[in-house]
Amino acid sequence: MTDTLVIYYSFTGNSKKVANYVKDKLNADILELEPQIPFSSDYDEVVAEWQNNDIKRDVEIKKVDKDLSKYKKIVLITCTWWYGISPVMKKFLKEYDLSNKDIIIASSNAGWLGHCFKDYETLLPNSNIKGELDLVFSSNEHERDKMLTSKSDIDNWIKKLN
Ligand SMILES: Cc1cc2nc3c(=O)[nH]c(=O)nc-3n(C[C@H](O)[C@H](O)[C@H](O)COP(=O)(O)O)c2cc1C
């Protein structure tokens, strides 16, 4: 049985791809966060709607079906929305307690990470954050799924959890 859980939210699939890579590398369990009501499938509409991605603004999320108390180590991966972590990840961190766990954090972005690490730190006051990853994908709208961060950067980040 594993003591490690990868928790992620991904809107267009980039964070999901990395979450699955990390899960396989660490032999971890995995948990996908989901909004209760799906966001629009129109990318630009969602970008416009979330221009005010304040730390206080979040959304309702689906209930988590994992017993978080079973895990000592947590990997958090989300997309970046308007310089902050996604509202789905924010809501999860407000609703669920990850106190005293060892955690590594990542925010996938297109070159503008903004205050994502600060958001995580604010919402995880009693956790042991052991490593951060600035997970960069292309900002070119024709290849938004092209990862610019190297695999070895991801591998080195994962090692910080041990
Ligand atoms: C609503 C919205 C806001 C975004 N804001 C930012 C941003 O502030 N900085 C940035 O670098 N990328 C931003 N992006 C791009 C995504 O963070 C980037 O493409 C990321 O890799 C997507 O991850 P995902 O496929 O897991 O959703 C935004 C995308 C969306 C949909």
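Student: Is threonine 149 buried or exposed?
Tutor: Threonine 149 is buried, at a relative accessible area of 10%. Buried means under 20% relative accessible area, exposed over 50%, and partly exposed in between, with a 1.4 Å probe and protein chains only. This is a predicted model, where local features need pLDDT of at least 70 and side-chain atom pairs count only at pLDDT 80 or more, while totals for chains, interfaces and linings use all residues. Residues are numbered from 1 along each chain as its sequence is written, and side-chain values use heavy atoms, with hydrogens and water left out.

Student: Where's threonine 149 in the fold?
Tutor: In the loop between strand E6 (128-136) and helix H5 (151-159). Helices (H or I, at least four residues) and strands (E, at least two) are DSSP runs, numbered from the N terminus.

Student: What does the side chain of threonine 149 reach?
Tutor: The backbone oxygen of aspartate 134, at 3.3 Å. A polar atom of that side chain also lies 2.8 Å from the backbone nitrogen of valine 136. A polar contact is a pair of N or O atoms within 3.5 Å; within protein, one must be able to donate a hydrogen and the other to accept it, and residues adjacent in sequence count only if both atoms are side-chain atoms.

Student: OK, ligand now. Which residues come nearest?
Tutor: Ser10, Thr12, Ser15, Tyr83 and Ala110, out of 20 residues around the ligand. To count as near, a residue needs a heavy atom within 4 Å of the molecule.

Student: And what's 2.6 Å from a ligand oxygen?
Tutor: An N or O atom in the side chain of serine 10.

Student: Which elements give two or more residues to the shell?
Tutor: Helix H1 (14-26), helix H2 (43-49), strand E3 (73-81) and strand E5 (102-109).

Student: How many of the shell residues are charged?
Tutor: None; the shell divides into 11 nonpolar and 9 polar residues. Ala, Val, Leu, Ile, Met, Phe, Trp, Tyr, Cys and Pro count as nonpolar, Asp, Glu, Lys and Arg as charged, and the others, Gly among them, as polar.

Student: Last one: what does the side chain of serine 108 pair with?
Tutor: The side chain of serine 15, in a polar contact of 3.4 Å. Serine 108 lies in strand E5 and is buried, with a relative accessible area of 6%.
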